[in-house]
Amino acid sequence: MSSLAELLTEPTPARPVITAECPPVDGGGLNAISEHVRRLAPYVDALNATDNAAAHAHASNVAVAIALNRLGVEPIMQVACRDKNRLALEADIVGAALHGVTTLCCMTGDDVTAGDEPETGRVFDMDSPQLIRAANRLAQGRYLSGRPLDPAPPLLIGAVENPGAPPYAYRVRRGLKKAAAGARFLQLQICYHEDRLTEFTNLAESTGLNRKVALLPTICLVKGAKALRFMNERVPGIAVPQSVIDLVANASDEREAAYQLALEQAKHALSLPGVRGLHFADFRHDDTLGRIVADLGLPTVRGAPDSEAIAV
Amino acid sequence: MVQLLATIEHAVKKPVWGCTMCGQCVLHKTGLTCPMTCPKNLRNGPCGGVREDGNCEVEPDMPCVWVKAQDRSEKMPRTWREQFDDLRPPVDNRLQGTSSWKNLLTGRDKQVPAGWQSDEE
């Protein structure tokens, strides 16, 4: 089983890289995580351990990433700038690496007003390009202070970018800034305007961004039009055209229409230049990921984790 | 003298740019738009939460500081325009409230943490 770092440096990739979001966990012990792993792991190369996704508190990114690692799946530990200052962020990265968690995804983070505790303070002591650089420096054996870490953690650093949010033409330049700071892959925010994703990848191709970072557009697996409306109205930076919502809402089988929409998006994304794979966010919590991977003609990455590994 | 400089700087820059006296001014690199007026204090470009109308995720009635900055930077002289893409270091919180003019003259605003500069640079 190749690590994400190995897959992303393959000179001639045999297949697209597949990552997915591990749904947030609040309680239920490690069994809660192993249920998600059992469902998603066969089809992915790595799973994201989210960092207070959508500004809602959950079991921490570090704790979930360590658990995923124990369950035999490579974790991509999301690190957001919203909740912690630079000392805490460095400590989380170094601490997680101590447990073998060495793949990161650095992001600014939704604002606290997007969450259920909007009265809290926002930190944003660093921004995401700064966080990427700080992580890269840790991988080179230095804290921001200059104090050495020996041995340095062998980090694979990723980040995010949103091809669907203004200023559209600038987004690739921001991706280049993140690449220069040390990012090696970009998980792209779900983009319901196909033309914007196409334009982003065209620019990525002409500027060489896609040769510096692996592009992984996000595909959301939703149950129906309600989720699309929710994303459009409530999730920062996501716009879903009314025509797309109507297409799903007016279908005789909404659930199936939502699936077909995701399948079309996935096919389109994989057809674009420089796209190295896909990142899935599964809000259906069923066997859809396996179905879409099969419909895309992609192989199962691994067998379902055995019960021994799960019984932690 | 130093306090006087800070008072004058604030008097000039507060009404025009909403200056918060971060003491490490980068206005010329950011299209003469102050990044410290971004609710997330981002110094390196817009977050992914910008709304369809180009307004801020946090303040729906306010245009995104970085959409404005990027637009204005295109009209800047070439060196300033190119500096828009520089990776700006994390804010030095010790400089809050001090005069960036003084810090520019003394070179204090160029100081970065010892570990910030990459080994390859």
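In this predicted model, 3 salt bridges are counted between chain B and chain A. The interface between chain B and chain A buries about 3000 Å², with 48% of that area on carbon and sulfur atoms. Over all chains, the structure holds 25 salt bridges. The largest nonpolar core has 74 residues.

**Interface between chain B and chain A**

- Chain A contributes 38 residues to the contact, and chain B contributes 38 residues.
- One salt bridge joins the side chains of Arg173(A) and Glu74(B), with an N to O distance of 3.3 Å.
- There are also 22 residue pairs in polar contact between chain B and chain A, counted where both residues are at pLDDT 80 or more.
- On the side of chain B that touches chain A, 15 residues are nonpolar, 11 are polar and 12 are charged.

**Nonpolar cores**

- Within the largest nonpolar core, of 74 residues, the members that touch the most others are Leu47(A), Leu209(A), Phe280(A) and Ile292(A).
- Helix α3 of chain A (residues 61-70) supplies the largest share of this core, namely 6 residues.
- Leu209(A) has contacts that include Val172(A), Leu176(A), Ala179(A) and Leu186(A), leaving aside residues up to four places away in sequence. Also among the residues touched by Leu209(A) are Gly175(A), Phe200(A), Ala204(A) and Leu215(A).
- In soluble globular proteins, nonpolar side chains tend to be buried together.

**Salt bridges within chain A**

- Arg15(A) and Asp45(A) form a salt bridge through their side chains, at 2.6 Å from N to O. This pair links distant parts of the chain, 30 residues apart: Arg15(A) belongs to the loop between α1 (4-9) and β1 (17-22), and Asp45(A) to the loop between α2 (29-40) and β2 (46-49).
- Arg15(A) is partly exposed, at a relative accessible area of 23%, whereas Asp45(A) has 2% relative accessibility and therefore counts as buried.
- Asp286(A) and Arg255(A) form a salt bridge in which the closest N and O atoms are 2.6 Å apart. Here too the pair links distant parts of the chain, 31 residues apart, with Asp286(A) in the loop between β8 (277-282) and α12 (288-295) and Arg255(A) in helix α11 (residues 254-271).
- Asp286(A) counts as partly exposed at 21% relative accessibility, and Arg255(A) counts as partly exposed at 32%.
- A network of salt bridges links Glu161(A), Arg171(A), Arg174(A) and Lys178(A).

**A salt bridge within chain B**

- The side chains of Arg108(B) and Asp92(B) meet in a salt bridge, with 2.8 Å between N and O. Arg108(B) lies in the segment after α4 (100-106) and Asp92(B) in the loop between α3 (78-83) and α4, so the pair ties together parts of chain B that are 16 residues apart in sequence.
- Arg108(B) and Asp92(B) are both buried.

**Phe230(A) and its position**

- Phe230(A) is located in helix α9 of chain A (residues 225-234).
- With a relative accessible area of 45%, Phe230(A) is partly exposed.
- The C-alpha atoms of Phe230(A) and Val240(A) are 9.5 Å apart in space, and the two residues are 10 residues apart in sequence.

Note on methods. Residues numbered from 1 in each chain as written. Chains lettered and ligands numbered in written order. Predicted model: local features only at pLDDT ≥ 70, side-chain atom pairs only at ≥ 80, totals over all residues. Heavy atoms only, no water. Contact = heavy atoms within 4.5 Å. Buried area = accessible area lost by both parts, 1.4 Å probe. Salt bridge = Lys/Arg side-chain N within 4 Å of Asp/Glu carboxyl O. Polar contact = N/O pair within 3.5 Å; in protein donor to acceptor, adjacent residues only side chain to side chain. Nonpolar A, V, L, I, M, F, W, Y, C, P; charged D, E, K, R; others polar. Core = buried A, V, L, I, M, F, W, Y, C linked by side-chain atoms within 4.5 Å. Buried < 20%, exposed > 50% of the residue type's maximum accessible area, 1.4 Å probe, protein only. Helix = DSSP H or I, 4+ residues; strand = E, 2+ residues; numbered from the N terminus.
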